[in-house]
Amino acid sequence: MKTQNDKREVSMKNLFYGIGLFIFGGLTLSNVTTPLPLKEETKEFLLFTFGSALIYYFLVSIYYIGGFWRKVFYTVLILLFLFSIFMVFYLITHSIPH
């Protein structure tokens, strides 16, 4: 028998799926409204969007499995955060002259 808390979690999960649909659908549609000049750049942009969507939906899914998987969720978020900080400093020190 489902409790009120279970229904709330399912509702939040569906909300996050909807938010992801708007985010990644909007990113994809932005390429239609303002296309990139090169076909290669468009391909890279769409691959980035698709990869980001996979990570997002994977993280939402494992979070709502619960238990051990919530620890995996938080671990992946921490790793993504640390990688992002590393990339900021890497790109600052290894900038490409334009």
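Helix α2 gives the largest share of the lining of the largest pocket, namely 9 residues, where helices are DSSP runs of H or I with at least four residues, numbered from the N terminus. The structure is a predicted model, in which local features need pLDDT of at least 70 and side-chain atom pairs count only at pLDDT 80 or more, whereas totals for chains, interfaces and linings use all residues. Residues are numbered from 1 along each chain as its sequence is written, and side-chain values use heavy atoms, with hydrogens and water left out.

The largest pocket holds about 260 Å³ of space, a pocket being an open set of points on a 1 Å grid over the protein atoms alone, where a 1.4 Å probe fits and protein lies on both sides within 12 Å along at least five of seven lines. The volume is the space filled by probe spheres set on the points, which are joined across faces, edges and corners. Its lining, defined by residues with an atom within 4 Å of a point, comprises 13 residues, and S52, I55, Y56, L59 and L80 lie nearest the centre of the pocket. Two or more lining residues are given by each of α1 (4-33), α2 (39-65) and α3 (68-93). By class, the lining consists of 11 nonpolar residues, 2 polar residues and no charged ones; Ala, Val, Leu, Ile, Met, Phe, Trp, Tyr, Cys and Pro count as nonpolar, Asp, Glu, Lys and Arg as charged, and the others, Gly among them, as polar.

Individual positions were also examined for accessibility. F89 is placed in helix α3 and is exposed, with a relative accessible area of 56%; exposed denotes over 50%, buried under 20%, and partly exposed the range in between, for a 1.4 Å probe and protein chains only. K71, which also lies in helix α3, counts as exposed at 59% relative accessibility, and its C-alpha atom is separated by 21 Å from that of R8, 63 residues apart along the chain. In helix α1, I19 is partly exposed, with a relative accessible area of 34%. The C-alpha atoms of I19 and T33 are separated by 21 Å, the two residues being 14 residues apart along the chain.
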